[in-house]
Amino acid sequence: MTTSGSVAAVDLGATSGRVIVGHVDSDGVRTDHVARFPNGPVALHEHDRQALHWDVVELYRQVVDGLRTAFGQHHDVASIGIDSWAVDYGLLREGRLLGLPYHYRDERHQQGVAPVHAAIDAAALYARNGLQHLPFNTLFQFAADPLLPLADRALLVPDLLGYWLTGVQAAERTNASTTGLLHATTRGWDPTLRAAAGLPSGLLPALRDPGDQLGPLLPGLLETSAPVTLVGSHDTASAVVAVPATEPDFAYISSGTWSLVGVELDAPVLTDAARLANCTNEGGVDGRVRFLKNVSGLWLLSESVRTWERDGDRVDLEALLASAAAVTAPVPVFDVSDDSFTPPGDMPTRIAAWCDAHGLSAPATPAEFVRSILESLAAAYADTVSTISSVTGKDIRQVHIVGGGSQNRLLCQLTADRTGLPVLAGPVEATALGNILVQARAAGLAGLGGASLEALRAVVARTVEPVRYTPTTTRTAHRSTPRRRMSV
């Protein structure tokens, strides 16, 4: 039995990427952030518009440089694992990338919804894939992709990077579950759904599971024998692994650019009630089901800050959050999932326009805007937790917030107040920890070979002590008009 060792986690988010070395032993996990690099949309002129893409080639270069640093500083790294955001993909022909992947916020994806629904209506689609309707789901992107007829293979972003590192093409199952092309019950590619999206046979690679070894690195790439090991390559799948829950009656919120609010189940829920509530059934590690809703997240805050800074203001985020916490006047609670908030741009102006259209007084100062955003997110979290409890019958007694949002004390307290449930916040690096622990289990480090998810979570609980927030009775914001449900 190997008592300790290290693995390298490549964790790619919508705004940045990191390479983190995790050392796992009987005491828990120690992490070393060896590389951090920016990531974000690139606007390229395309016919009569500016299209949003990912510079995945630069992303790959940064990943390789980060791994080189990791292996230079740590000589016991046994494995590499990659996770990223979901749904976006690269198209290949004879192994060559056909173009930069589109960004999920690109408006082109809307064009794919109607043709897919013409081939299979929303109810039948949900019965097969169990996914929340989002216009950027991969099957809608495929239906709108002009390069699709030229491609012979499609790889989601972490699978594409894995291919460039190893030469092996595969689809990791948790991320594949977000495409809308995986059958919710059989967890295999669904021919009916593939036909609805107009996909040629052979476009989708073989499915593999977290813990499987993808393959060794290509010769000459890096001086190491460490292979690439598949993890929950959808970042939320890895984050849920690292929820430090000690009881089964929890909901989780993976809070970052997006907020993924859900529970863990053993089987999908494919009822009309689940569909009408716009809940999703996504794959988790070890065959678990992540039953959740995608709710807008701290994107609303970060885009607001970017807008103020573009206007010449210097923003101290900690001071701004403190000012927001001190706001005592009522602020509007708006629909954080309204489509108008999806594209990048001037978020405060859009929030003010939403309030005006719904007969509410818009925030007047940056502090009031921030308070309104956080109150609105907390209200959305509370509504979602209540809906999920109702649809699944699961008794939820506590909420775990992991990811970057777990550091936002005001958001955590507002979530406790609005849900009426204790909130346990942390770890911040849940995605990286989940990535690391799945690799460590596959490599048999620290006696984790064959360990259950609950045993992996116990390692997280030994590593990080969550901050507890208890509900209070004080409310400083009022509920606005009911928030609009996204149409399906």
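Which residue's side chain does a polar contact of 2.8 Å join to the side chain of glutamate 264? It is arginine 457. A polar contact here is a pair of N or O atoms within 3.5 Å; within protein, one must be able to donate a hydrogen and the other to accept it, and residues adjacent in sequence count only if both atoms are side-chain atoms.

Before moving on, two notes. This is a predicted model, in which local features need pLDDT of at least 70 and side-chain atom pairs count only at pLDDT 80 or more, while totals for chains, interfaces and linings use all residues. Residues are numbered from 1 along each chain as its sequence is written, and side-chain values use heavy atoms, with hydrogens and water left out.

**Stop 1: glutamate 264**

Stay on glutamate 264 and show the secondary structure: the residue lies in strand E15 (residues 258-265). Helices (H or I, at least four residues) and strands (E, at least two) are DSSP runs, numbered from the N terminus. Glutamate 264 is buried, at a relative accessible area of 15%; buried means under 20%, exposed over 50%, and partly exposed in between (1.4 Å probe, protein chains only). To see the surroundings, select Val240, Tyr252, Val289, Lys394 and Leu453, which are among the residues that glutamate 264 touches when those up to four places away in sequence are not counted. Contact means heavy atoms within 4.5 Å.

**Stop 2: proline 348**

Next, jump to proline 348 in helix H12 (residues 347-357). From C-alpha to C-alpha, proline 348 and glutamate 264 are 35 Å apart in space and 84 residues apart in sequence. Proline 348 is buried too, with a relative accessible area of 7%. Leaving aside neighbours within four places in sequence, its contacts are Ser304, Thr307, Trp308 and Phe369.

**Stop 3: threonine 174**

Select threonine 174, placed in helix H6 (residues 173-176). Is threonine 174 buried or exposed? Its relative accessible area is 2%, so threonine 174 is buried. Its side chain makes a polar contact of 2.6 Å with the side chain of glutamate 172. On serine 233, pick the backbone nitrogen: a polar atom of the threonine 174 side chain lies 3.4 Å from it. Beyond four places in sequence, threonine 174 also touches residues including Pro210, His234, Gly283 and Arg290.

**Stop 4: two helices**

Two packed helices are described by the angle between their axes and the distance between the axes. Colour H11 (residues 317-325) and H13 (residues 366-392): their axes come within 8 Å and cross at roughly 75°. The axes are lines fitted to C-alpha atoms, for helices over the stretch in contact, and angles run from 0 to 180 degrees between N-to-C directions. H11 and H13 are therefore roughly perpendicular to each other, a label for angles of 65 to 115 degrees. Show side chains for Leu320, Leu321, Ser323, Ala324 and Ala325 in H11, which meet Pro366, Ala367, Val370, Arg371 and Leu374 in H13.

**Stop 5: the cores**

In soluble globular proteins, nonpolar side chains tend to be buried together. A nonpolar core is a set of buried Ala, Val, Leu, Ile, Met, Phe, Trp, Tyr and Cys residues joined through side-chain atoms within 4.5 Å. Within the largest one, of 76 residues, select Leu12, Leu67 and Leu165, which touch the most other members. Helix H1 (residues 56-73) supplies the largest share of this core, eight residues. A second, separate core has 52 residues, including Leu265, Leu298, Phe341 and Ala378.

**Stop 6: loops and backbone**

Select glycine 426 and proline 427, joined by a cis peptide bond with omega of about 10°. Proline 427 is in the loop between strand E19 (423-425) and helix H15 (430-443). Then go to glutamate 94, a residue other than glycine whose phi is positive, near 50°. Glutamate 94 sits in the loop between strand E7 (89-93) and strand E8 (96-97) and counts as exposed at 60% relative accessibility.

Notes: Angles under 35 degrees count as roughly parallel, over 145 as roughly antiparallel, 65 to 115 as roughly perpendicular and the rest as oblique.
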